[in-house]
Amino acid sequence: MKYHFNEIEAKWQKYWASNDTFKAKNNSNKPKFYVLDMFPYPSGAGLHVGHPLGYIASDIYARYKRHKGFNVLHPMGYDSFGLPAEQYAIQTGQHPAKTTETNIATYRRQMDQIGFSFDWSREIRTSNPDYYKHTQWIFSQLFDSYYCKDADQARPISALITIFEKEGNTTVNAVCDEDITSFSAQDWKQFTLIQKQEILLKYRLTFLSDTEVNWCPALGTVLANDEIVNGVSERGGHPVVRKKMKQWSMRITAYAQRLLDGLDTIDWPQSLKDAQTNWIGRSEGAMVHFKIKDSDKSISVFTTRPDTIFGVSFMTLAPEHELVAEITTPENKAAVEKYIKATAKRSERDRMADVKTISGQFTGAYVAHPFTGEAIPIWIGDYVLAGYGTGAVMAVPCGDQRDYDFAKHFAIPIPNIFRDIDISEHACEDKDAVIANSDFLDGMPAKKAIKKMIYELEQKGMGTGKINYRLRDAVFSRQRYWGEPFPVYYKDGMPQIIAKEHLPVLLPEVEKYLPTDDGKPPLGNATKWAWDTVNNEVVDNSQIDDKTIFPLELNTMPGWAGSSWYFNRYMDAHNTDAFASKEALAYWRDVDLYIGGSEHATGHLLYSRFWQKFLFDKGFVPVDEYAKKLINQGMILGTSAFIYRWEYAHEDAAKEKTIFVSKHKMESIIKERASIEKSKRNQVHENLDLAATTDRKSNAKEQWSGFTPIHVNVNMVNASNELDIAAFKNDPIHSAYQDAEFITEADGTFIVGREVEKMSKSKYNVVNPDDICHDYGADTLRMYEMFLGPLEQAKPWNTAGITGVHGFLKKLWKRYIVNDTFSVSDEEPSAEELKILHKTIKKVEEDIANFSFNTSVSTFMIAVNELTALQCNKRAILEPLAVLIEPYAPHLAEELWQQLGHKESIAHVPFPKYEEKYLVESSKVYPISFNGKMRFTMELSLDLSKEAIEKAVMSYEKTQKQLAGRTPKKVIVVPGKIVNIVG
């Protein structure tokens, strides 16, 4: 009876689907356990073997928890709004919804075949109207809220309006825009409706403002910082520039301190907590106001070292700072504009990361020093960011290396304000240095000087003590089609929210998905995109009258909108009235285990915590942190294959052709080339004996320039790293190389190079799980991915290694087979068999609790080997063993369970209980030594006394034979360890 894994897996996948085996209940007497994976964006490429790693780990844990008696919620869905589907729509005209539906079907098929125990009845898709109507509603709640510092929570905007009506804003302690001005209750009453709305926008938790954004012209949209890599878009590698645009933003900065404090309450990886802590960037210092010379305006600067203010010798503004154009003198205007234009081509991340390049431009303007009145020159420099702090830096070159390098480069004075410190070569960054040459601060250590300076600044009205955060408000607009529409229309240019009962506002149909000819977002192509406030419906644009029918918002929400609350929707996925009922939220509360990638640390994982805290403030959710425990799974890396193109240029271009050289041949060429690199090219050819290139041996008109590695499809390479040249030439992807020449090894083979790197379609190193499941089975795939190494670490994929795991599963299957028939014995197990079982139970439970799934697989292999050696075929051992392995190899376990005579699924069978008594040793195998040399062993009861052990050993026939009639001088007995006979 063979292990027909394909038939077994198809059978049980069908059974699970038909019987709702993994469907969770919202009302159960069992304790709840919520296991969540970060839901995927359904790309056209489908899953490769690296994608399921986290899913397999979470599935093992979810299955284990069911065995332990928990009501487990383990859902799955799709983050289905996204740029790739829209880009495909632009190229083909196919609606993104159709592309997305096709891609989801592929993902679902692949996930089903791997045997995940997802509760598919709760599937969600962020692009479905029944989902995004709740995203729109949450947006409207943010719009109708402000952050009260006194209450330290979000409050209704209506409460703020009431305060304005009674007191104005002078007593309001709320998070708001920096440029808000004071007004009285009387002033408020006299403001026009539009003026009131403009003021309220400065307080709302989601608001419109002119914001510096990352604009990608090729994609026609704004990108978040985490969507940019090395200065270009992550998707497509297109150039990104900085520009100002009117954008929706989220006032996440209101929650900065709570986001920091909340990290202490959750069990998340420390590295991820550190990433969020650094991203939020809390710092304490002072806000200092520098008055601009010959102007009534000031430049405010936040600094953590106000004690160094007497060391300021210049000021640097971000090139995007709003005052730059105003203060730049005519003679510096051209140079400043040129610098600003160049800076706009660099992303913020690039500017922050580049610490080597020194660049800047003098504006011609000056500020006055708050204490000395000295004129301080104002420069612009790309190392200062408009969105961080105030976009201005008071430069103290003697105390900051970057300022020091800038001052040295541009010959700006570097006054020394530190006692007995030499700054001739570099800045002093010792925080404990004593202050000097600083008037009333002289002789003070830094901490005392900081307090004194803040006091003096406040006394002079030139500054205040302040806590600052690096975190900036999150841009929430995207100029693209395939995203959530905003529930917003515009009346007199001011945003108005569409009421909950009229949601969702559906995406309109458009003829093309590109921005309009006049630069408006793709929704500007819609002909039916206006809001009728009488009938509360979308109508044709031609009906806009600015009385009852108004234009709708043309931007759509960013990719992180739908993912910022999806974990709550799973709790009550089919609720049409609310995103989840209070009862469901009260039962499930939060995610007990969340598994996903660390690359989302400062994106999704920060935004979702922000939204959860807001929903908590509003009373919509019971907890303000949604995930108790988070694990970042590592990455499964691909082993890429490379061929090497010989780079040479011929004086006659017509004679040039592509030449690829086998790896070892290339290495010999490089080695010999290095030894005769001063020789002529024709001499090199003669020495290298390149039989395939005799016609080029004496051609001195060729220019050597080395070899370029080219990725090739790993499926064209065999286990010996030999390339199938014919397959390569016939591959449409490599059609340009059909006439290429291949220089092989002496034996005719063409050897490729190998390198471990990220598994990616672009690197042609993707391994399709469909192939693995077909050839070896899903259970083999699941166990092999866990066997590769610790969950959190990166590890390379090697298909050749999978045969060992597959062989183990076949060996396990054979334990249940006798004479080619499924049969187990009802005999009582031996002490040794029980010991193996309970040792395995103990180790597997410990491993699951510690998420050490790789060592569990090793434990199973050891157990099966030991049971095979004992020829164990007993039900009392093999039945609990099937339950033990079910989380890892569920299809095989289900089949074994059924063959053992059970009618119900194994999925909810209680997990075997470890009993320590079976591991307690009753005897000890003693090494019996003579004069320190072990001669034989002897098994004795652990209950024997020291005297009894000596008596048993001395009367043993092997001992008498070894002594040969001699009387030993002494006998050393250490109970439970050794026996040594001396003399």
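**Helix, sheet and cysteines**

Colleague: Helix H5 (residues 129-143) lies across E5 and strand E9 (241-250); at about what angle does H5 run to E9?

Modeller: This is a predicted model, where local features need pLDDT of at least 70, side-chain atom pairs count only at pLDDT 80 or more, and totals for chains, interfaces and linings use all residues. Residues are numbered from 1 along each chain as its sequence is written, and side-chain values use heavy atoms, without hydrogens or water. Helices (H or I, at least four residues) and strands (E, at least two) are DSSP runs numbered from the N terminus; axes are lines fitted to C-alpha atoms, for helices over the stretch in contact (heavy atoms within 4.5 Å). With angles taken from 0 to 180 degrees between N-to-C directions, H5 runs to E9 at about 90°.

Colleague: Which strands are the edges of the open sheet of 4 strands?

Modeller: Strands pair if DSSP finds at least two bridges between them. The order is E6-E5-E9-E17, with antiparallel pairing. Pairing on one side only marks the edge strands, E6 (221-223) and E17 (474-475).

Colleague: Which residue in E6 stands opposite Trp215?

Modeller: E5 (residues 206-216) pairs with E6 over 3 bridges, in the antiparallel sense. Opposite Trp215 stands Val222.

Colleague: How many disulfides are there?

Modeller: A disulfide needs two cysteine sulfur atoms within 2.5 Å. For Cys148, the nearest cysteine sulfur is that of Cys176, 12 Å away. The count is 0.

Colleague: Is Cys148 buried or exposed?

Modeller: Buried means under 20% relative accessible area, exposed over 50%, partly exposed in between (1.4 Å probe, protein chains only). Cys176, at 23%, is partly exposed. Cys148 has 10% relative accessibility, so it counts as buried.
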